[in-house]
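Please keep the structure open while going through the points.

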Amino acid sequence: MTQQKVDVEKILNRILIGFPSLVLTLFYIPNALDKLINHSQTGKIIESSAIMITAGIFILAGTVLFLYKKTILIGTAMLVLYMTFIVSIHVYKGKPAETVILILVATIFATHIRKPLLFHQK
């Protein structure tokens, strides 16, 4: 009976650790696909199709690296770099940037939950 309880706790622990990363993936993947499919978006600061396609590929690569445990730091850095740029665009245009900042912080938080030793000093 105790072994079953320990197994259930381990499974629940893995699910709860991976849940924030899953939620962020559900944000980043559609965003990247939108940039790849609708690369001729108007009303953006940079209306170049090449830059939109590059941004979509950058987000997809960052998300894949973010999901793989050995490259989580590189993926997090890529996604945080992208979101920092988006925050600056929102501030420049006078749009509310709070949601974007929350996504940026959530990305760092999900990395901390999955690999807390990255954030400890030696």
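1. Basis of the model. The model is predicted: local features need pLDDT of at least 70 and side-chain atom pairs count only at pLDDT 80 or more, whereas totals for chains, interfaces and linings use all residues. Residues are numbered from 1 along each chain as its sequence is written, and side-chain values use heavy atoms, with hydrogens and water left out.

2. Length of helix H2. Helices here are DSSP runs (H or I, at least four residues), numbered from the N terminus. Helix H2 covers residues 49-67, and its 19 residues should span 27 Å at 1.5 Å a residue; the end C-alpha atoms are 27 Å apart, which agrees. The expected span is 1.5 Å times one less than the number of residues.

3. Buried means under 20% relative accessible area, exposed over 50%, and partly exposed in between (1.4 Å probe, protein chains only). In H2 the buried residues are Met52, Ala55, Gly56, Ile59, Gly62, Thr63 and Phe66. Seen down the axis of H2, these buried residues fall within an arc of 130°, so they line one face of the helix; the arc is that of the directions from the helix axis to the C-beta atoms. Thr54 and Val64 are exposed on the other side of H2. Packing partners of the buried residues are helix H1 (2-37), helix H3 (72-93) and helix H4 (98-114).

4. Leucine 60. This residue belongs to helix H2. Leucine 60 counts as partly exposed because its relative accessibility is 23%. Leaving aside neighbours within four places in sequence, leucine 60 is in contact with Ile29, Ala32, Leu33 and Leu36, where contact means heavy atoms within 4.5 Å. Between the C-alpha atoms of leucine 60 and methionine 83, 23 residues apart along the chain, the separation is 13 Å.

5. Helix H4. The 17 residues of H4 should span 24 Å at 1.5 Å a residue, and its end C-alpha atoms are 24 Å apart, which agrees. Its buried residues are Val100, Ile103, Leu104, Thr107, Ala110, Thr111 and Arg114. They cover an arc of only 120° around the axis, which puts them on the same side of H4. The buried residues of H4 pack against H1, H2 and H3, while the face turned away from the buried side carries the exposed residues Glu98 and Leu102.

6. Serine 21. Which residues does serine 21 touch, not counting residues up to four places away in sequence? They are Phe66, Leu67, Ala110 and Arg114. Serine 21 lies in helix H1 and is buried, with a relative accessible area of 3%.

7. Exposed positions. Isoleucine 37, in helix H1, is exposed, with a relative accessible area of 64%. Its C-alpha atom and that of valine 91, 54 residues apart along the chain, are separated by 26 Å. Lysine 70, found in the loop between H2 and H3, counts as exposed at 71% relative accessibility. The C-alpha atoms of lysine 70 and lysine 115 are separated by 9.7 Å, although the two residues are 45 residues apart along the chain.

How values were computed. Helix = DSSP H or I, 4+ residues; strand = E, 2+ residues; numbered from the N terminus.
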